[in-house]
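Me: I would like to go through this structure with you before setting up any calculations. Could we take it one topic at a time?

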Amino acid sequence: MTEPRSPSRSAASGGGTQPEEADRLRAMLRTPGYLKALVFCALIGIPVSLAAFWFLVALHELEHLMWADLPHALNWDTPPWWWPLPLLLVAGIAVGLVVTHLPGAGGHIPASGLHAGGATTRALPGVILAAVASLPLGATLGPEAPLIALGGGLALLFRDFARMPATPQSTALLGAAGSAAAIAVIFGNPLIAAVLLMEVAGVGGTQLFAVMLPALLSSGVGSLVFTGFGNWTGLPTGSLSLKLGAPLPRLDAGDVLWSVLMAVAIGAAVHLVMAGGRRVASYVPRRPVVHTALCALAAGACAAVYALVTDRSPVDVASSGQATLTGLAADPHAWGVGALIAVLLCKGAAYALCLGSLRGGPVFPSLFLGAAAGVLLAPLPGLGVVPGLAAGMAAAAAGALRLPVSSVVLVVLLLGSAAMIPVVILAAVVAFVTTELLPRGRAAAPVGKPAGSPGADSAGPA
């Protein structure tokens with residue numbers, strides 16, 4: 001009988017999971033404290049998700065009040081061009097006061113990406129007030145970052161109520177569980193919440209990205225080849241996918257080529273926007289109330305200029321873009337070339353200003369900007385609207401968040417179909433690599449613990 005290999009030799013030869021690791025996992029799962037933590041995480045998911053739901057409802061109702069009910073009460077069908085100016089001025093003053101006087105400074109700076117750790121119960125009032133002051137009043141930001149902070153803070157609050165031991169391990173575990181329960185509400189899917197939180201937390205560090213990127217890219221190319229042989233030649237292949245009722249275009253060489261080129265350009269453009277947000281964030285702390293108000297007012301001016309130039313609603317710029325993205329995807333031909341160029345320029349500038357001054361999340365504005373760029377470039381020879389839309393959203397999300405896997409999963413779930421997965425993967429990976437290779441620029445001034453993984457200016461690998 002041959003002598004069994006040592007764990008180190010087995011690992012070096014690719015022999016699978018080391019016995020010690022498997023034993024350690026089984027031992028952890030048998031630990032009463034860990035099992036209690038799992039049960040508690042399952043229980044806190046109920047109140048956290050309910051709180052997140054009503055928080056989003058409140059934000060939606062306030063936004064509708066400010067941008068629909070009040071203009072209609074004043075006999076305007078849509079908000080006038082100047083409407084964002086006073087609202088965002090109030091938002092800037094309110095957020096500046098929260099940052100100056102409340103614990104936690106209203107949450108982390110959006111220009112730093114997403115934030116998975118460091119949730120505290122003391123910061124909850126400031127996080128809620130800053131989000132309520134920013135998002136309904138026209139900040140070009142989404143609600144996902146405040147939701148992450150809300151979920152993590154509430155989970156720790158429930159732990160304190162239950163008088164559970166407050167250890168670093170329990171704080172990290174419960175904070176992540178609460179954040180995942182809250183973020184699943186806005187995305188409507190627990191899968192993206194789990195993937196997003198794992199990637200934001202930086203599990204595996206740079207080693208994970210070093211292994212993941214080639215695997216992700218190879219799977220996308222392999223899927224493209226496999227799908228290509230099945231669809232382009234008409235040869236039958238086995239498939240586990242469901243047939244969708246809505247017709248989708250077949251990918252061809254033009255879609256793939258333009259998606260890669262788009263991803264480089266969009267990744268570079270989003271990188272500039274995020275760098276601008278970090279520069280704004282470094283400017284604001286000198287005089288928080290005054291500078292936050294000035295930056296918010298400048299973001300409102302971007303929305304006003306857009307409305308004057310295009311004769312469209314300033315809401316296209318002064319919002320997260322979530323509702324506008326739905327309209328753009330449903331009827332992309334309703335947007336002329338001039339309107340698309342104007343919204344890209346004005347919303348991109350407002351996005352950078354809000355990233356560094358107000359409070360919210362970077363996800364939905366980046367998705368909208370990518371979608372608008374994809375629709376604008378869709379008339380290129382060989383590129384269709386749907387592939388352009390898919391590649392644009394994936395590239396912009398990966399460039400802004402620096403979370404390629406989360407960006408792929410999010411865009412695929414948004415599209416509701418697996419047909420565009422190859423170009424989504426290619427665009428996300430190419431945009432991610434592009435942004436990583438570009439100079440990082442000035443880091444955002446930290447507020448509490450820096451967002452994301454160890455880098456102060458990103459949620460991706462350092």
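Me: In which loop does Asp316 lie?
Reply: In this predicted model, Asp316 lies in the loop between H11 and H12.

Me: Is Asp316 buried or exposed?
Reply: Asp316 has a relative accessibility of 8%, under the 20% limit, so Asp316 counts as buried.

Me: Which side chain does Asp316 join in a polar contact?
Reply: The side chains of Asp316 and Arg312 are joined by a polar contact of 3.1 Å.

Me: And which residues is Asp316 in contact with, leaving aside neighbours within four places in sequence?
Reply: With those neighbours left aside, Asp316 is in contact with Tyr306, Thr324, Trp335, Val343, Lys347 and Phe368.

Me: Where is Thr310 found?
Reply: Thr310 belongs to helix H11, which covers residues 288-310. A polar atom of the Thr310 side chain lies 2.7 Å from the backbone oxygen of Tyr306. Beyond four places in sequence, Thr310 is in contact with Ala339 and Ala342.

Me: Let us turn to the pockets. How much space lies in the second largest pocket?
Reply: The second largest pocket holds about 620 Å³ of space. Its lining consists of 27 residues, and those nearest the centre are His60, Glu63, Ser320, Gln322 and Ala323.

Me: Which elements give two or more residues to the lining of the second largest pocket?
Reply: Those elements are helix H3 (32-73), helix H7 (168-187) and helix H12 (322-330). H3 supplies the largest share of that lining, with 10 residues.

Me: How do the residues of that lining divide into nonpolar, polar and charged?
Reply: The lining of the second largest pocket has 14 nonpolar residues, 11 polar residues and two charged residues.

Me: Next, the aromatic residues. How many aromatic pairs does the count come to?
Reply: The count comes to five aromatic pairs. One of them is Phe53 with Trp54: the ring centres are 5.1 Å apart and the planes stand at 75 degrees, so this pair is edge-to-face.

Me: Why is that pair called edge-to-face?
Reply: The angle between the planes of Phe53 and Trp54 is 75 degrees, and the pair is edge-to-face because planes over 60 degrees apart are counted that way.

Me: Which residues do ring pairs link into a cluster?
Reply: Trp76, Trp82 and Trp83 are linked into a cluster by ring pairs. Of these, Trp82 lies in the loop between H3 and helix H4 (84-101), and Trp82 is partly exposed, with a relative accessible area of 33%.

Me: How far apart are Trp82 and Ala301 in sequence and in space?
Reply: Trp82 and Ala301 are separated by 219 residues in sequence, while their C-alpha atoms are 8.0 Å apart.

Me: What about Pro285, in which loop does that residue lie?
Reply: Pro285 lies in the loop between helix H10 (253-283) and H11. With 45% relative accessibility, Pro285 counts as partly exposed. Its C-alpha atom is 9.2 Å from that of Ser357, which is 72 residues away along the chain.

Me: Finally, the whole chain. How many helices and strands are there?
Reply: The chain has 17 helices and zero strands. Its length is 462 residues, and buried residues make up 48% of them. Among the contacts with a separation of 6 or more, 77% are between residues 24 or more positions apart.

Terms used
Residues numbered from 1 in each chain as written. Predicted model: local features only at pLDDT ≥ 70, side-chain atom pairs only at ≥ 80, totals over all residues. Heavy atoms only, no water. 1 Å grid on protein atoms, 1.4 Å probe; cavity = no way out; pocket = protein on both sides within 12 Å on 5 of 7 lines; lining within 4 Å. Points joined across faces, edges and corners; volume = space filled by probe spheres on them. Helix = DSSP H or I, 4+ residues; strand = E, 2+ residues; numbered from the N terminus. Nonpolar A, V, L, I, M, F, W, Y, C, P; charged D, E, K, R; others polar. Polar contact = N/O pair within 3.5 Å; in protein donor to acceptor, adjacent residues only side chain to side chain. Contact = heavy atoms within 4.5 Å. Buried < 20%, exposed > 50% of the residue type's maximum accessible area, 1.4 Å probe, protein only. Phe/Tyr/Trp six-rings, centres within 6.5 Å; stacked < 30°, edge-to-face > 60°.
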